[in-house]
Amino acid sequence: MGLVHIYFGDGKGKTSAALGLVLRALGDGLCACVCQFLKTAPTGEVAALARFEGAVVLRANVDSGLFLWQMGAAERASCLRRQRELLQIATARTDEVIVLDEALSACAAGAFSQEELIEAVERLRGRAEVVLTGREAPPALLLRADYITHMQKIRHPCDAGVRARRGIEY
């Protein structure tokens, strides 16, 4: 245990890949924490993980129904504060696998600095397998990763107007 994985890019599959690793770990009797930043909607993975004794899902419980870019300044600031608190909670966990889902996006949005995210990853390294997902990965964080997977979108149904489908995209 103790390596750092980064799944990033504009392609579909970052969270799915991270959750695949979690499923494998749970199947082998490890404990896993999936910490989801900037996500509030009910999803199939949260319901599925609730069925596993060794799985924990953490969210900031900021459910305005809005994306960050749709929020007013005060609501956005409150949401980002909650994301920072979530990073602190996740860093204190003792699970063997810790997924920081959309942590890269939360960092880019200003929830916490790149340095704070790197510090959190370094605190977890060695005691847990750490997985980070998001669209953009800062070079300084990439330098610290043991696994780097760049997901590139070639085609996606949303580009043709197909709405996200429950059980597939969320």
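Colleague: Which helix does Gly44 lie in?

Modeller: Gly44 lies in helix 2; helices here are DSSP runs of H or I with at least four residues, strands are E runs of at least two, and both are numbered from the N terminus. Before we go on: this is a predicted model, where local features need pLDDT of at least 70 and side-chain atom pairs count only at pLDDT 80 or more, while totals for chains, interfaces and linings use all residues. Residues are numbered from 1 along each chain as its sequence is written, and side-chain values use heavy atoms, with hydrogens and water left out.

Colleague: OK. How exposed is Gly44?

Modeller: Gly44 has a relative accessible area of 35%, so it is partly exposed. With a 1.4 Å probe on protein chains only, under 20% is buried, over 50% is exposed, and partly exposed is in between.

Colleague: And what is Gly44 in contact with, leaving aside its neighbours within four places in sequence?

Modeller: Arg166 and Tyr170 are in contact with Gly44, contact being heavy atoms within 4.5 Å.

Colleague: How far is Gly44 from Ala90?

Modeller: They're 46 residues apart in sequence, and their C-alpha atoms are 21 Å apart in space. Ala90 is one of the buried residues of helix 3.

Colleague: Let's do helix 3, then. Which of its residues are buried?

Modeller: Cys79, Leu80, Gln83, Leu86, Leu87, Ala90 and Thr91. Looking down the axis of helix 3, those buried residues fall within an arc of 130 degrees, so they line one face. That arc is taken from the directions from the helix axis to the C-beta atoms.

Colleague: Why would residues a few places apart point the same way?

Modeller: An α-helix has 3.6 residues a turn, so residues three or four places apart point the same way.

Colleague: What's on the face of helix 3 turned away from its buried side?

Modeller: Ala74 and Gln88, both exposed.

Colleague: And what covers the buried residues of helix 3?

Modeller: The cover includes strand 2 (32-36), strand 3 (55-59) and strand 4 (97-101), along with helix 4 and helix 5 (114-124).

Colleague: How does the span of helix 3 compare with what it should be?

Modeller: Helix 3 covers residues 73-91, and at 1.5 Å a residue its 19 residues should span 27 Å; the end C-alpha atoms are 27 Å apart, so that agrees. The expected span is 1.5 Å times one less than the number of residues.

Colleague: You mentioned helix 5. Which residues are buried there?

Modeller: In helix 5, the buried ones are Leu117, Ile118, Ala120, Val121 and Leu124. Around the axis they cover an arc of only 160 degrees, which puts them on the same side of helix 5. Their cover includes strand 1 (4-9), strand 4, strand 5 (129-134), helix 3, helix 4 and helix 6 (139-142).

Colleague: What follows helix 5?

Modeller: Gly126, with a positive phi near 95 degrees.

Colleague: Which residue has a positive phi although it is not a glycine?

Modeller: Leu38 does, at about 60 degrees. Leu38 sits in the loop between strand 2 and helix 2, and it is partly exposed, with a relative accessible area of 32%. Glu102 has a positive phi too, near 65 degrees. For context, most residues other than glycine have a negative phi.

Colleague: Where is Glu102, and is it buried or exposed?

Modeller: Glu102 is in the loop between strand 4 and helix 4. Its relative accessibility is 16%, so Glu102 counts as buried.
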